[in-house]
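The plan is to look things up a bit at a time and jot down what I find.

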Amino acid sequence: MKVVIQKDYESMCEWAANHIIDAIKNHKEDRPFVLGLPTGSTPVGVYKNLIKANRDGKVSFMNVVTFNMDEYVGLPHDHDQSYWYFMHDNFFDHIDIPAENINILNGMAEDLEAECARYEDKIASYGGIDLFMGGCGVDGHIAFNEPYTSLTSRTGVRALTEDTRIVNSRFFGNDPEATPPTALSVGVGTVCDSREVLLLVNGHNKARALAHCIEGGVSSKWTISALQLHNNAVIACDDAACGELKLDTYNYFRDIYGEERL
């Protein structure tokens, strides 16, 4: 596991964006680069950096295919809190990616299980995901894979915990009851099948999750800990998220990846 510690959120996002840009530009295979993407507040800074780089001619998304992590069940595309809307508003509408290269789970599908199976099949049809960027919840969940989700899980229907609905209620008028109770989500296994996983962790409220990810045992209680089993996992974090790491752990990663600081 590679842990790159940046001084603050802005530096973390700049580093992560540059890492993604390098991965796209260094992709030499005769097929599109397949990029997994998250929603939520954490990746917004990365998307802003990628948009700027695209406008400045530093990277093109014409040969990039994207798969998003998740979507609420029951929200149409034009709902301002759907993840389809979020991704277009915060990223896709501002870059040169072809519309047909964008893949987002359909939370309005009549057969949700069939929709999830279709999604897995489509990922496989592209040869898998090259780089999956993600974030994590305060309880260490990846996508909508809440605590105790199988670490080998595939894309499926997920019931959201009360804690997750409370956290996400800030987007629904601070009303947890207005927050959808169900979502479609890629599985932990889906994410970990990617050739590379880039996880963003920022802020004091994620410090416990980061400590469990790096220093704790592998457990479905902390789905983030599955990254310990990945051969090419990268965590980009800020200093605030390192508050519960042991000092020697913090110093180790600062030392070994110190040259990658901005």
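Which residues does Leu227 touch, not counting residues up to four places away in sequence? I looked, and Leu227 touches Met1, Ile142, Val197, Leu199, Cys213, Ala233 and Ile235. Contact here means heavy atoms within 4.5 Å.

**Ground rules.** I'm working with a predicted model, where local features need pLDDT of at least 70 and side-chain atom pairs count only at pLDDT 80 or more, while totals for chains, interfaces and linings use all residues. Residues are numbered from 1 along each chain as its sequence is written, and side-chain values use heavy atoms, with hydrogens and water left out.

**The cores.** Next I looked up the largest nonpolar core, which has 40 residues. A nonpolar core is a set of buried Ala, Val, Leu, Ile, Met, Phe, Trp, Tyr and Cys residues joined through side-chain atoms within 4.5 Å. Buried means under 20% relative accessible area, exposed means over 50%, and partly exposed is in between (1.4 Å probe, protein chains only). Leu227 turns up again here: along with Val201, Leu210, Ile235 and Cys237, Leu227 has the most contacts inside this core. I noted the elements that give two or more residues to it: β1, β3 (64-68), α4, β9 (196-201), α7, β10 and α8. Helix α7 gives the most, with five residues. Helices (H or I, at least four residues) and strands (E, at least two) are DSSP runs, numbered from the N terminus. I also found a second, separate core of 36 residues, which includes Ile24, Phe86, Ile102 and Leu131.

**Helix α8.** Which residues of α8 (residues 247-256) are buried? They are Thr249, Tyr250 and Phe253. Seen down the axis of α8, these fall within an arc of 100 degrees, so they line one face of the helix. The arc is that of the directions from the helix axis to the C-beta atoms. The buried residues pack against β1 (2-6) and α7 (207-215).

**Helix α3.** In α3 (residues 83-90), the buried residues are Tyr83, Phe86, Met87 and His88. Their cover includes β2 (33-37), α2 (44-55) and α5 (162-168).

**Salt bridges.** How many salt bridges does the structure hold? I get nine. A salt bridge is a side-chain nitrogen of Lys or Arg within 4 Å of a carboxyl oxygen of Asp or Glu.

- Arg31 bridges to Glu29, with the closest N and O atoms 2.9 Å apart. Arg31 is buried at 17% relative accessible area, and Glu29 is partly exposed at 47%.
- Arg154 bridges to Glu120, the closest N and O atoms being 3.2 Å apart. Arg154 lies in the loop between β6 (131-134) and β7 (156-159), and Glu120 in helix α4 (residues 112-125), so the pair ties together parts that are 34 residues apart in sequence. Arg154 is partly exposed at 35%, whereas Glu120 is buried at 16%.
- Lys246 bridges to Glu215, with 4.0 Å between the closest N and O atoms. Lys246 sits in the loop between β10 (233-238) and α8, and Glu215 in helix α7, 31 residues apart. Lys246 is exposed at 53%, and Glu215 is partly exposed at 27%.
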